[in-house]
Amino acid sequence: MQHNTVQKDGGALRQKVENVQLYVNGKFVDAMGGASFDNRNPYTNEVINQVAEGRSEDIKSAVESAKLAFVKGPWGSMKVAERMKYINKIADLIDEEIEEIAMLEALDTGLPISQTKKMTARAAENFRFYARMVQTKLHGDAYAVDDEFINYTVHKPLGVVGLITPWNAPFMLETWKVAPALATGNTVVLKPAELSPLTANKLARVIHKAGLPDGVFNVVHGYGETAGAALVAHPDVSAISFTGETVTGATIIKNAADSLKRTSMELGGKSPLIVFDDADFERALDAAVWGIFSFNGERCTANSRVFIHKNIKDKFIDALKERVANITIGDPMDPSTELGPLIDKGHFQKVTEYIEVARKEGCEVIQGNIPEEIAMGNFVPPTLLLNAANDMKSSQEEIFGPVMSVIEFETEDEVIEAANDVKYGLAGYVWTNDMKRGHRVAQAVEAGMLWVNAQNVRDLRIPFGGMKASGIGREGGHYAMFEFYTEAKVIHVAMGDHHIPQFGKRK
C-alpha cells in the first residue's frame, strides 16, 4: 500500500513514500518469492522505499490474469463506447493527481519538477487522444469486386500485450503505451524500469480507482533479466512494446522470435543538430542547449552531436560556454532547478567515464559547476566536448547524459555525411533560413524524425520512432492502433452465386 505525505523542507517539496507492491488481477500483492529491492533517491542516494521484486512466477500469474480478462472477462467483448468511458475516467483521475505524480517522478528520477509537471499533463492527453481516435478512426476498408464480392477489413485487439518501459520520463512513456493498448481492447502486463517504480505504481492506483475489470491491467516490478525476460518469453503474450537501450532491444527481438510475437522497439539515439551560418542564432542556441540539457540529458532524442558551421563556430561556442556556466543545478524538487542528478550511481559512472574518454581523445572539456552542498547526488554538470570529431567514441556512442559534442563543418554535403555516419537514426534538427536547404538536409539525414527550425515538439497524430539501430516500428497516432495494437482481419462475402470449380463431379 502506498501512502504519500507532502511537507515543506527548506523551500523544496519532499515526500515520504511507502513500499510498492505488484498489481495483479485487480489486487496489490507482494511478490510470490517475497523478494524486494531498494529504491534510491538520485538526489541524496538514500533509500526511498522497498519495491516488490517480481520474477517469472509473478509474470506467469499476471499473464494468466490478463488472458482470462481478455478471453472470458468483459474487456475483450465490451462495446467501444463503454470501454472509452473507462479510458476517459483514467485521464480525469490523472488530472486530479498531477501534482502528486509530478512530485513522485521528480523524487524517483532526479528530473526537475518544473519538467515533470509538463510531462504528467501530457499523460492524461495520451488517454483522451486514443479514446477519440478509437471512436473516430478505428475502422476498416471495404471493396466491391465485380458485383460478386464485397471484401472488408476489421481491426481486432491482439489479446495480452507486454509493455516494457524506461526510467527516463517513465509516467509519460508508460501512458504512451498503456493508453493505445487498453483503448484498442487489449489487456496489459506492464514491466516498468526497476529504477523508477513510483509513478508506475501510481498509474496502477489510478487505473484501480477507475474500476477497470480485474486482470485488464497488471504491473510487475522487477529486473529485465528476470521479470522482463519472462514476459518476452511467455507464449500467451501476443506482442512486446519496448522503449530502452539498443542492445537490450536486440535481445528482446531475438527472444520474442521463439513465440513469433510482434515487437515494437524504440531504442537509442545520437541525434545531430545542424546549425548553418544563416540560422537564427539565438533560437538555434536556445534549441541546442535545451535539447541536450533538459531531462538531465537522459533523452533518446537529445541533440548530443551539434554541428556548427565554421563561419559561426567561435561565436556559437562562446555562447554555449556562457549558457553552460549559468544552468541552475540542484534539488529536483526546487522549481528553479534546470538540471538534476542522473538516475543512479551506475549511470553516473558511465557518463563520467565517457567524458574522460573524450578528454583522452583530444576534446577540450568545458563543464558547469556542481555546488558543494549537493555533491551527494548523482550530478554530472552540463558538459561541452569541444574540438570533437565525428569518429570519436564520444561522438559515436550514446552517452545519455548532459554531454554535447561540438563539431565543426563547412559544406552541406560534408555535414550530411557526418550526420549519417553513426549507427543510430532516431532524430535530427536543422537550423537554416534557406528553406530549400532545410528540406534538402532534413530529407537526406538518416533519421525517423527531423525538425527544421524547431525544437523537439511532437504531435500525437504522427509516428514516433527511428531507423537503423534506433528501432523498429513506430508509436503514436494510427500507427500504434492499426500497425501494432490491433490485428487486421479480412472478411470476404459473396453477393451472388459466383462460379466455383466442381472438382470430382461426374456429368
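User: At what angle do helix 3 and helix 5 pack, and how far apart are their axes?

Analyst: Two packed helices are described by the angle between their axes and by the distance between those axes. In this predicted model, helix 3 (residues 98-109) packs against helix 5 at an angle of about 115°, and the axes are 9 Å apart. Helix 3 makes the contact through Ile101, Glu105 and Thr109, while helix 5 uses Pro170, Phe171 and Met172. By class, the residues of this contact are four nonpolar, one polar and one charged.

User: Which domains does the domain assignment of the chain give?

Analyst: The assignment gives domain 1, made of 22-267 + 470-491, and domain 2, which covers 272-452. Their centres, taken over C-alpha atoms, are separated by 31 Å.

User: How do I read the contact between them? What area is buried between domain 1 and domain 2?

Analyst: The size of an interface is often given as the accessible area lost when the parts come together. Here about 2300 Å² is buried between domain 1 and domain 2, and carbon and sulfur atoms give 61% of that area. Of the area that domain 1 buries against domain 2, Tyr43, Trp167 and Ser470 supply 28%, more than any other three residues. Counted by residues, 25 of domain 1 are in contact with 32 of domain 2.

User: How many residues of the lining of the largest pocket are nonpolar, polar and charged?

Analyst: The lining of the largest pocket divides into 18 nonpolar, 13 polar and ten charged residues.

User: What is the volume of the second largest pocket, and which residues are closest to its centre?

Analyst: The second largest pocket has a volume of about 570 Å³. It is lined by 25 residues, of which Met119, Arg122, Trp290, Phe295 and Arg299 are the closest to its centre. Helix 4 (113-137) and helix 5 are the elements that give two or more residues to this lining. Helix 4 gives the most, seven residues. The second largest pocket also lies between the domains, because domain 1 and domain 2 both give residues to its lining. By class, its lining has eleven nonpolar, eight polar and six charged residues.

User: How many cavities of 30 Å³ or more are there?

Analyst: The count is five. The largest cavity holds about 70 Å³ of space. Among its 14 lining residues, Gly269, Ala302, Ser304, Glu398 and Phe400 lie nearest its centre.

User: Which helix supplies the largest share of the lining of the second largest cavity?

Analyst: Helix 5 does, with three residues. This cavity has a volume of about 60 Å³. Helix 5 (170-183) and helix 15 (477-484) each supply at least two residues of its lining. The residues that line the second largest cavity include Trp176, Lys177, Pro180, Ala480 and Phe484.

Note on methods
Residues are numbered from 1 along each chain as its sequence is written. This is a predicted model: local features need pLDDT of at least 70, side-chain atom pairs count only at pLDDT 80 or more; totals for chains, interfaces and linings use all residues. Side-chain values use heavy atoms; hydrogens and water are left out. On a 1 Å grid over the protein atoms alone, a cavity is a set of points where a 1.4 Å probe fits but cannot get out, and a pocket is an open set with protein on both sides within 12 Å along at least five of seven lines; lining residues have an atom within 4 Å of a point. Grid points are joined across faces, edges and corners, and a volume is the space filled by probe spheres set on the points. Helices (H or I, at least four residues) and strands (E, at least two) are DSSP runs, numbered from the N terminus. Axes are lines fitted to C-alpha atoms, for helices over the stretch in contact, and angles run from 0 to 180 degrees between N-to-C directions. Contact means heavy atoms within 4.5 Å. Ala, Val, Leu, Ile, Met, Phe, Trp, Tyr, Cys and Pro count as nonpolar, Asp, Glu, Lys and Arg as charged, and the others, Gly among them, as polar. Domain bounds come from an automatic or database domain assignment. Buried area is the accessible area (1.4 Å probe) that two parts lose on being put together, summed over both.
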